[in-house]
Amino acid sequence: LPLVAAPYGMNHWTVENADDPWFFSPCSRNFRGIRCTHQPSPWIQDYGTFSVIPQTGNRLCAPEARSGVYSPESMKFSPAGFSLNFARFQIGIELAATSRAAFLRFTFPGNQLARRLIFDLKDPLGNWKACSDRLFAGTAGNHHGGVPENFRCHIAAELSCPADFIG
C-alpha cells in the first residue's frame, strides 16, 4: 500500500482504485480519487475516511461514472508526496503531506471551463457546507467499530480560486 504521510502524521494519503476494504491494488489502472485514510488494516476497515477527485466537463457524481485511468508507471511516489496524471480528464495531481493534512495541487487543462473537485465523504451522515466561495468544511464519521459513536473526521478545503458549491 503506497502511503504518503509526514512522520507521525495524523492522516495518510494514497490512490483509491477500488471500493472495498482493500481500496488499493498495485495492478489496477483505475483511479477513483485520492483517499485520506486512517486504516490500520483492511480487516478492521477504515474510519473517518474520504476521497477527492477532480473532473472537468459534465458533472459526474456516481463513483463509477467519475472514475478513470491513470498510469502507475508514470506516477511519482515518495514518503512525503506523490504526483500523477489523471488521464481521463488530463488533470495533473500533486500531493504533499503535512502532519495533520495535505496540500493538493490540480493542474486543469486550459481549454476546460468546467472544473470541479468532488469530495466523497463515504458517510451517509457526513456533512459538507460552503463557508465562502473558496472555503468548504465538513465531517465524515464512517467507521466499523473501535471508535466512539460520536467520532468525526473534520475536513476543511481552502481553494486558490472561487468554486461553486455542490452539496
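Here is a quick tour of this structure, from its overall build down to a few single residues.

This is a predicted model, where local features need pLDDT of at least 70, side-chain atom pairs count only at pLDDT 80 or more, and totals for chains, interfaces and linings use all residues. Residues are numbered from 1 along each chain as its sequence is written, and side-chain values use heavy atoms, with hydrogens and water left out. The chain has one helix and 13 strands; both kinds of element are DSSP runs numbered from the N terminus, with helices being H or I of at least four residues and strands being E of at least two.

**Overall build**

- Reading from the N terminus, the elements go β-β-β-β-α-β-β-β-β-β-β-β-β-β.
- The radius of gyration of the chain is 15 Å, close to the 15 Å from the globule rule for 167 residues, so the chain is as compact as a globular protein of that length. That radius is taken over C-alpha atoms, and the rule is 2.2 Å times the number of residues to the power 0.38.
- Along its principal axes, the C-alpha trace spans about 45 × 40 × 30 Å.
- Buried residues make up 43% of the 167 residues in the chain. Here, buried means under 20% relative accessible area, exposed means over 50%, and partly exposed is in between (1.4 Å probe, protein chains only).
- Of the contacts in the chain with a separation of 6 or more, 46% are between residues 24 or more positions apart. Contact means heavy atoms within 4.5 Å.

- Four strands make an open sheet in the order 1-3-4-10, with antiparallel pairing. Two strands count as paired if DSSP finds at least two bridges between them.
- Strand 1 (12-16) and strand 10 (115-120) sit at the edges with a single partner strand each, so one side of each has no neighbour in the sheet.
- On average, neighbouring strands of this sheet are turned by 25° against each other, direction ignored. The axes behind such angles are lines fitted to C-alpha atoms, for helices over the stretch in contact, and angles run from 0 to 180 degrees between N-to-C directions.
- Strand 1 and strand 3 (residues 33-37) run antiparallel and are joined by five bridges. Across this pair, W13 has C36 of strand 3 as its bridge partner.
- R116 belongs to strand 10 and, at 14% relative accessibility, counts as buried.
- A polar atom of the R116 side chain lies 3.0 Å from the backbone oxygen of G57.

- Six bridges tie strand 8 (residues 91-97) to strand 9 (residues 102-107), and the two run antiparallel. A hairpin connects them through four residues.

**The nonpolar core**

- The largest nonpolar core has 32 residues, and W13, F31, I34, L84, F86 and I93 touch the most other members. Such a core is a set of buried Ala, Val, Leu, Ile, Met, Phe, Trp, Tyr and Cys residues joined through side-chain atoms within 4.5 Å.
- Several strands supply at least two residues each, including strand 4 (50-56), strand 7 (81-86) and strand 13 (153-158). Strand 8 gives the most, with four residues.
- Not counting residues up to four places away in sequence, I34 touches W13, T14, F50, S51, V52, F82, I93, L95, L104 and F106.

- T139 lies in strand 12 and is buried, with a relative accessible area of 11%.
- Leaving aside neighbours within four places in sequence, T139 is in contact with L121, G126, N127, R152, C153, H154 and I155.
- G146 is in the loop between strand 12 and strand 13, and at 86% relative accessibility G146 counts as exposed.
- G146 and I44 are 102 residues apart in sequence, with their C-alpha atoms 8.7 Å apart in space.

How values were computed: Polar contact = N/O pair within 3.5 Å; in protein donor to acceptor, adjacent residues only side chain to side chain.
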